[in-house]
Amino acid sequence: MSARTLPLLFLNLGGEMLYILDQRLRAQSIPGEKARKDEWTDVDRKRVMNDIITTMFNKKFMEELFKPQELYSKKALRTVYDRLAHASIMRLNQASMDKLYDLMTMAFKYQVLLCPRPKDILLVTFNHLDAIKDFVHDSPGILNQVDETFRQLIETYSCLSAGEFQLIRQTLLIFFQDMHIRVSIFLKDKVQNSNGRFVLPISGPVPWGTEVPGLIRMFNRNGDEVKRTEFTTDGNYVSPQREGSFDLYGDRVLKLGTNMYSVSRPVETHMSGSSKNLASHAKENIAPNPLAKEELNFLARLLGGLEMKKPGGSETGFRLNLFTTDEEEEHAALTRPEELSYKVINIEATQEPGRRAELSRILGELEVAEPRPASSGKGEDLLALMDGL
Amino acid sequence: GPRRMYRKEKSIQLKSGSAALYNNLSVLRRPGGQLAGFCTVHGPSLSLVSAAADGLGFSHRQLQAKEGGMAVSTSVLTQAAWCVLPSRVLLVLTSQKGIQMYESDGSIMVYWHALDVTEHPPAQAVFARGIAAAGGRFICVGTSSGLVLVFDIPPKGTNITVSEVLEQHRDAITDITAELGQAPDGAGDLVTADDAGTLCVWSTGEEFALLGKIPACGCTCSSVKLWNGIVAAGYGNGQIRLYEAATGLLRAEVNAHARWIYALDVAPQTGKLLSGAEDSFVHVWKLGRNLDTDDDDIEHCHAECVTDTQVCGARFCDAEGNSFAVTGYDVSEIFRYSRA
């Protein structure tokens with residue numbers, strides 16, 4: 001509905017993706033001097049993060065993103081993140097990519113749902129961007145790109161009314177409807193119930209601009225207050241202390257959108273038979289061509305922004321596993337419920353000949369060597385270090 | 001502690017969860033007063049629940065938003081409501097593409113009105129929202145550009161026409177209400193509300209007349225009801241305000257909810273007021289007038305916490321307000337409550 005939703009969706013999901021990848025890479029990394037050739041190091045991690053962030057904040061891509069437009073389908077958006085996750089030397093199998101996307105979307109859904117005011121979605125976005133800037137704090141070129149986007153966000157969204165922000169929020173909630181994947185870290189923190197629904201607290205500070213519920217005031221025709229009564233509920237609300245900052249720098253106050261992962265907290269999901277309402281998932285997207293022309297433009301720009309990542313010398317693509325073992329990853333791929341399949345679009349299968357030629361050409365320029373077979377991949381040898389997660 | 005005037009009854013299960021949109025529940029009563037049906041929107045489709053005439057059991061059906069010209073993207077429904085006129089009942093659906101009107105059981109579409117996209121500035125969202133039967137003869141529907149379309153509805157058949165377009169709002173229409181009780185003289189019988197919080201009071205007829213405007217106070221008015229000349233308005237900052245329709249004067253202000261209000265309803269026989277919001281709470285209030293002082297009164301009757309649910313629809317199921325129903329975002333059931 002709102003034509004200004006896509007930048008917020010893209011940047012926040014991208015931010016969550018970076019939190020998860022960063023945590024996973026840290027968990028699997030070995031100090032540089034001790035690492036073998038096929039093991040993740042800090043240097044590798046920084047390179048992956050820098051490559052992805054550079055691609056995300058590509059200038060032409062951002063221009064396309066900020067144009068007023070409808071949200072893309074779930075499938076098209078998922079394809080974008082597939083490409084983004086592979087913007088560097090890192091490789092993810094389908095199952096790990098599915099899991100990554102599940103975590104990203106449930107996290108942002110949670111943040112949107114719990115925002116005190118619709119306008120606070122902007123603060124959530126700023127929290128993500130603040131963290132992204134921290135990831136690249138020693139690369140001034142990339143830092144600049146992120147700041148540019150920050151400024152564009154401020155310019156585009158600062159003047160929107162509360163009603164327009166609520167429409168953006170409603171548009172996002174329609175996008176996230178029916179997703180009830182259970183996330184371990186949410187279950188442990190008791191922010192999600194075992195049925196997949198998020199916990200909505202009825203205590204704490206009210207949103208900025210709202211009064212604590214309870215007071216009824218009545219006025220006569222002259223405008224004088226003539227009666228005052230109070231009512232009580234089970235809720236336990238207090239006044240908020242201060243408003244978060246909407247400037248380039250500042251205390252956002254709101255914690256939603258900050259990094260909730262750390263090396264010791266796992267990124268798990270549970271697939272087992274939850275909601276009976278997954279049927280509606282399958283009713284998505286009845287148009288014959290799943291990629292509309294605008295979406296192809298969008299993806300083409302993203303791909304066009306990628307540098308050639310041809311590995312030189314002894315470098316190869318390294319696989320990152322979001323699961324604890326390769327067996328677990330394989331099992332997840334085989335047992336993923338049909339209705340939760342993302343059905344990632346194969347771009348080369350698109351029907352529009354002109355577009356197809358263009359994209360094939362771009363894709364051709366991005367050929368990278370196949371990753372090493374799993375037996376000597378980085379994932380396997382580090383299993384012992386993942387113990388207990 | 002909170003008074004327990006109502007208790008929870010068995011829910012009606014739905015095939016899909018409700019969308020987080022204002023006023024996302026409509027309830028139809030038969031002429032005799034018995035419950036006839038519920039409906040709530042979910043993305044491109046509407047869940048329609050019909051009560052069997054014997055009062056036992058419900059049947060379900062889904063209606064889809066009409067695609068419109070270019071069938072590339074599916075349209076999202078913004079709202080659905082039954083409009084009860086003296087001679088017929090129509091089920092009205094509003095979407096990003098236009099307005100669909102069906103016979104009350106959803107079996108046949110009798111009218112389709114496509115929104116004129118060129119009327120809207122390029123970067124703005126386009127949709128219809130806000131539905132009410134008015135003046136015993138009209139159905140009024142709002143648009144995202146602030147227009148209110150007045151449809152003239154014949155007693156039967158499909159010869160529905162646009163009789164007037166009201167152009168007083170500059171922001172997207174959120175809700176429209178007709179007078180649900182008895183209007184005092186000069187009080188008007190229709191109120192329209194918008195995203196900025198502006199309320200317009202009208203008298204309906206061959207030509208609608210604007211009687212007054214209640215200016216916004218910096219907050220969206222998402223839901224509005226008119227009863228016995230009292231305008232009850234629900235706002236994004238969680239407040240309910242009561243205004244006199246005839247004069248536009250503020251008579252009461254309630255810090256009712258901790259989050260954005262999504263739905264209000266009135267029980268016309270008793271003046272009970274129902275409010276539902278994102279904070280998970282549904283409250284029942286009592287509107288009244290102190291005959292000595294001539295002051296409008298509002299009193300809190302009942303608080304209901306619908307656990308872990310952002311309420312998006314709330315309606316009384318009978319004219320006295322002895323029972324009500326609630327929908328929530330992403331929740332595939334209709335919660336029901338009745339007097340204990």
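## Asp120 of chain A and its surroundings

In this predicted model, the side chains of Asp120(A) and Arg117(A) are joined by a polar contact of 2.7 Å. Asp120(A) itself belongs to helix H6 of chain A, which spans residues 120–135.

With a relative accessible area of 4%, Asp120(A) is buried, because the cut-off for that class is under 20%. Once residues up to four places away in sequence are set aside, Asp120(A) touches Cys115(A), Phe246(A) and Leu254(A).

## Asn228 of chain B

Asn228(B) is a residue other than glycine with a positive phi, the value being near 50°. Asn228(B) lies in the loop of chain B that runs between strand S19 (221–227) and strand S20 (230–235).

The relative accessible area of Asn228(B) is 27%, and therefore this residue is classed as partly exposed, a class that falls between the limits of 20% and 50%.

## Ser280 of chain B

A positive phi is also found at Ser280(B), again a residue other than glycine, where the angle is near 85°. The loop that holds Ser280(B) is in chain B, with strand S24 (272–277) on one side and strand S25 (281–290) on the other.

Ser280(B) has a relative accessibility of 1%, which is under 20%, so this residue counts as buried.

Notes. Residues are numbered from 1 along each chain as its sequence is written. Chains are lettered from A and ligands numbered from 1 in the order in which they are written. This is a predicted model: local features need pLDDT of at least 70, side-chain atom pairs count only at pLDDT 80 or more; totals for chains, interfaces and linings use all residues. Side-chain values use heavy atoms; hydrogens and water are left out. Helices (H or I, at least four residues) and strands (E, at least two) are DSSP runs, numbered from the N terminus. Buried means under 20% relative accessible area, exposed over 50%, partly exposed in between (1.4 Å probe, protein chains only). A polar contact is a pair of N or O atoms within 3.5 Å; within protein, one must be able to donate a hydrogen and the other to accept it, and residues adjacent in sequence count only if both atoms are side-chain atoms. Contact means heavy atoms within 4.5 Å.
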